[in-house]
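Work through the exercises below with the sequence and the model at hand. Each task is followed by a stepwise solution.

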Amino acid sequence: MYIVERSIESPRGRIFGKLALPDGATGTPGASDTPGTPLPLVIYSHGFDSSGERGLRFAEAITHAGLALYCFDFRGGSTNSRSAGSPLDMSVLTEVADLTEVVDTLAADPRVDAESVFLFGASFGGLVSALVAARMPGRIRGLALHYPGFCIPDDLRSRFASAADVPETFFCLSMDVGRRYATDALALDPYAAISACTRDVLITHGSEDPLVDLSYSQRAARTFAHAELHVIEGAGHGFADGLELDQATGHLVRFLVSHLSEEQR
């Protein structure tokens, strides 16, 4: 496996990202400069106040299976984001726009098979990935979600009775966010939105998740047209290193490989 920086520049500001490639792929040390067979690609979307580095935990397993992995920081997605933007301007819809731009840009990379792009999101990034997959089903081969944050609109409704009650800035979980973070989520019905997703979906969730109750993923599994839900007993939010992470990684890689063509396996 080899990891290269692959950032995206646009009028909306820079997106910092890293691309993990299997050994011998075009662009890795010792590989031929002649373009090889384009690779299936997994795009990882991180959670609230996290970063793309979190997704690199899965890079060894994904690249070993013959796929590339792209991990990036959402604009304003954390207090330490290496991408442009401020958390005060970030919302679920700005992150939907970011991920859409990433899909469009990476699908045009000659190292990538544009017909084999998978979305993989965790927590808040899981909600974002699901919304994007529903908006562009023809561009996505499959969708993998870890403890997806379908609870976020409900969490904000429990805090604010209406959009008129939302202040210009407020503290949420671990950082200050802006008014748009709440108003965009308050207007969102995530289950109505994801019902348009026609691709196969993998959901992996811990039975003891204190931030996103398992019931949200159970409802999502019933809402998607084609979904499988795997519950990791005793796991909380984030999948700790060790058995929890091994189980989650196993489900993920099996799902990805099962959706590759015979030539790609």
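**Exercise 1.** Is Phe160 buried or exposed?

Solution. The model is predicted, so local features need pLDDT of at least 70 and side-chain atom pairs pLDDT 80 or more, while totals for chains, interfaces and linings use all residues. Residues are numbered from 1 along each chain as its sequence is written, and side-chain values use heavy atoms, without hydrogens and water. Buried means under 20% relative accessible area, exposed over 50% and partly exposed in between (1.4 Å probe, protein chains only). Phe160 has a relative accessible area of 8% and is therefore buried.

**Exercise 2.** Classify the ring pair of Phe72 and Phe74, then that of Phe160 and Phe170.

Solution.
1. Rings of Phe, Tyr and Trp (its six-membered ring) pair if their centres lie within 6.5 Å; planes under 30 degrees apart are stacked, over 60 edge-to-face and the rest tilted. The rule gives 10 aromatic pairs.
2. For Phe72 and Phe74 the centres are 4.8 Å apart and the planes at 65 degrees, so this pair is edge-to-face. Phe72 is buried at 0%, and Phe74 is buried at 0%.
3. For Phe160 and Phe170 the values are 5.1 Å and 75 degrees, so this pair is edge-to-face. Phe170 is buried at 7%.

**Exercise 3.** Which residues of helix α7 (214-223) are buried?

Solution. Helices (H or I, at least four residues) and strands (E, at least two) are DSSP runs, numbered from the N terminus. Leu214, Tyr216, Ser217 and Ala220 are buried in α7. They span an arc of only 155 degrees around the axis (directions from the axis to the C-beta atoms), so they lie on the same side of α7.
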